[in-house]
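Please open the structure in your viewer and keep the selection tool at hand. The tour below goes from stop to stop, saying what to select and what is there.

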Amino acid sequence: MSRFDADAIVVGAGPAGSCAALALARAGKNVILVERGPFAGAKNMYGGVVYPRILDELVPNWWETAPVQRWVVRRSTMILADDNAFTIDYRTPSWGRPPYNGATAYRPDFDHWLSQQAVAAGATLVTSTTVTGLLRDPAGRVNGVRTDRPDGDLTAPVVIACDGVNSFLAKEAGLYTATDAANFTVGVKETLALPRSVIEERFGVRDDHGVDIEILGGTSGVNGGGFIYTNLETVSLGVVLKLPKLTAQSKRPEEIIAGLKRHPAIAPLIEGATVQEYSAHVIPEAGLSMMPTMVTDGMLVAGDAAALCLAAGIWLEGVNFAMASGMYAGRAAAAAIDNDDVTAKGLAGYTKLLEESFVLADHRKLKDIPGLVLSDRVQSKYPGFVTSVIERLFRVDNPNPKPGLRRIVREERKRAGIRVRDLLRDGWKGMRGFG
């Protein structure tokens, strides 16, 4: 291995890259972690909640040092239609103590912290460096990367591509088929400043406890969803929008967010807030159907670069898959280096680790959910149908007697233009995914 600059090069110091570098360094490998920003996390934004339990394997008692904002003890799903809303709300104090369930975090802080775990284990972090392409040996195997640095190329028998959504390294390696815009959403987020005491009063939490609200509807007719989550002194609010639907209409994302903020169910939560940050990020949302080949000679793909994300309006997970896939990629790469076989066959242990873990198990289980939640019927008909049923169920029309639930559902289903067979098919698909 002495003819190489390192045993492995990891491109991208997001959660996947830092976990890959950490796993490699823990295995005693010389690993270079390359980041295009001035520090890990500098280029990131995120509109959801971090689920860090996979770090139990890498950073014991991670919650003692990880820079989280709040521990999520309340999870809600809100359905919006016109000026009404229906919310399913769950809360438990057990999520607010070790080992925790999820946390809100500022990604620049969290990603920087995670990269420093890799550095402490022995990884070399190289920042302000853009990888511009792959190097190959005479046999065509990947054996390093080109960079924009004056000193040029970096070589290693294994490269782990963690360069984010729509990975150009994975494409250059021929691991992706043709890109379809329908497989992507764009997440747009505003970070809104409010006093800590106001946030805790409005969202009903105390101390370092927080709330995550996922929203169906309220996106101005563009297929997608919304979210609100609480930080210590800010509230993050945003939307996730299907790219083809967004481009097919005239409203800009900031106009859609403005409409969401005016909704009667949302406006009281953010009244008086000032915008601190506006950011946008493309998200891979098609799951299994858009994943690349994960392994080729001398190279692995992890995190968003491997489309390991579940983003479907009311369901948004990605950082947990990124951290896990990075860790498994690092372990598989270390084993392949030890066995002196970094061909696709020698690196195939990575695919096996993904298969045996929650990473691909969850993607298989929920493979139909993105298509279901982002479908035209669920997006345009179900919010009004559900909220109308609930409104009539609780409305008092005395002296008229209260109609039965079966009658209410039948009448509102017809009013919404939903066929019985479609309702049953969607219900079955949802139960099969979540069941």
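Strands (E, at least two residues) and helices (H or I, at least four) are DSSP runs, numbered from the N terminus, and two strands pair if DSSP finds at least two bridges between them. This is a predicted model, in which local features need pLDDT of at least 70 and side-chain atom pairs count only at pLDDT 80 or more, while totals for chains, interfaces and linings use all residues. Residues are numbered from 1 along each chain as its sequence is written, and side-chain values use heavy atoms, with hydrogens and water left out.

Select residues 131-136, strand β7, together with residues 142-147, strand β8: the two run antiparallel and are joined by 5 bridges. Val131 stands opposite Thr147 in β8, and Leu135 has Gly144 as its bridge partner. Between the strands of this hairpin lie 5 residues, and Gly140 takes a positive phi near 90°.

The open sheet has 3 strands in the order β7-β8-β9, with antiparallel pairing.

Next, select helix α1, residues 15-26, and helix α2, residues 107-121, which pack at an angle of about 15° with their axes 8 Å apart; axes are lines fitted to C-alpha atoms, for helices over the stretch in contact, and angles run from 0 to 180 degrees between N-to-C directions. The two helices, α1 and α2, are therefore roughly parallel to each other (angles under 35 degrees count as such). Where α1 and α2 make contact (heavy atoms within 4.5 Å), residues including Leu22 in α1 and Leu114 in α2 take part.

Conventions. Angles under 35 degrees count as roughly parallel, over 145 as roughly antiparallel, 65 to 115 as roughly perpendicular and the rest as oblique.
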